[in-house]
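Here are some friendly notes to read with the model open beside you. Take the points in order and find each residue as you go.

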Amino acid sequence: MILHKISTSPFADQTLLQCLKRIQPTDKLLLIQDAVYAMVKGDLVDSLFEQGPIYVLNEDVQARGLKIENNLYHGISYPEFVALTLECKQVISW
C-alpha cells in the first residue's frame, strides 16, 4: 500500500489528475497544503469519489477557510498523518 501525498492546488497544475491515473485501489490519497482546494473543484469530485476515502490535513483545511462537507473526505491531524505514513509501505510526494 502506497500513500500518495499531494500538496499543490488542482487549480495550479495537473498533479492530482496525474496521480489519480496511477493510483491503485489499495493505495491511500492525502491532500495537504493547497491540494485541499480539490474539495471545492467540482469536476474533480467525481474522480475522487471513485478513489474512495480521501485524507485531508485538518490544519490545511482550516487555514484556507474550507470545511469538510461530505463523507468522501476524512480530516486528520498531524499525529494521524504520521500514523498513516507508518501504516503505508511507501510514501510518494507529488
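Is Arg64 buried, partly exposed or exposed? Arg64 counts as partly exposed, at 25% relative accessibility; here buried means under 20% relative accessible area, exposed over 50%, and partly exposed in between (1.4 Å probe, protein chains only).

Before the points, a word on the source. This is a predicted model, in which local features need pLDDT of at least 70 and side-chain atom pairs count only at pLDDT 80 or more, while totals for chains, interfaces and linings use all residues. Residues are numbered from 1 along each chain as its sequence is written, and side-chain values use heavy atoms, with hydrogens and water left out.

1. Stay with Arg64 for a moment. Arg64 forms a salt bridge with Asp34, with 2.8 Å between the closest N and O atoms; a salt bridge is a side-chain nitrogen of Lys or Arg within 4 Å of a carboxyl oxygen of Asp or Glu. Asp34 sits in the loop between S2 and H2 and Arg64 in the loop between H3 and S4, so this pair ties together parts that are 30 residues apart in sequence. (Helices, H or I with at least four residues, and strands, E with at least two, are DSSP runs numbered from the N terminus.) Arg64 also meets Asp60 in a salt bridge, at 3.7 Å from N to O. Asp60 is buried, at 10% relative accessibility. Shared partners join Asp34, Asp60 and Arg64 into one network.

2. The structure holds three salt bridges. One of them pairs Lys28 with Glu87, where the closest N and O atoms are 3.4 Å apart. Lys28 is in strand S2 and Glu87 in helix H4 (residues 78-87), so the pair ties together parts 59 residues apart in sequence. Lys28 counts as buried at 17% relative accessibility, whereas Glu87 is partly exposed at 47%.

3. Now look inside. The largest nonpolar core has 17 residues, and those touching the most other members are Ile6, Leu16, Leu29, Leu31, Val56 and Tyr73. Such a core is a set of buried Ala, Val, Leu, Ile, Met, Phe, Trp, Tyr and Cys residues joined through side-chain atoms within 4.5 Å. Helix H1 (15-22), strand S2 (28-31) and strand S3 (54-57) each supply at least two residues of this core, and H1 gives the most, with three. A second, separate core of nine residues includes Leu30, Ile32, Leu84 and Cys88. In soluble globular proteins, nonpolar side chains tend to be buried together.

4. Val56 is worth a click. This residue lies in strand S3 and is buried, with a relative accessible area of 0%. Leaving aside neighbours within four places in sequence, Val56 is in contact (heavy atoms within 4.5 Å) with residues including Leu31, Met39, Tyr73 and Ile76.

5. Which strand runs parallel to S3? Strand S4 (residues 73-76) does, joined to S3 by four bridges; strands pair if DSSP finds at least two bridges between them. One example is Ile54, whose bridge partner in S4 is Tyr73.

6. Last, check the backbone at Gln33. Phi of Gln33 is near 50°, a positive value in a residue other than glycine. Most residues other than glycine have a negative phi. Gln33 is found in the loop between S2 and helix H2 (42-51) and is partly exposed, with a relative accessible area of 40%.
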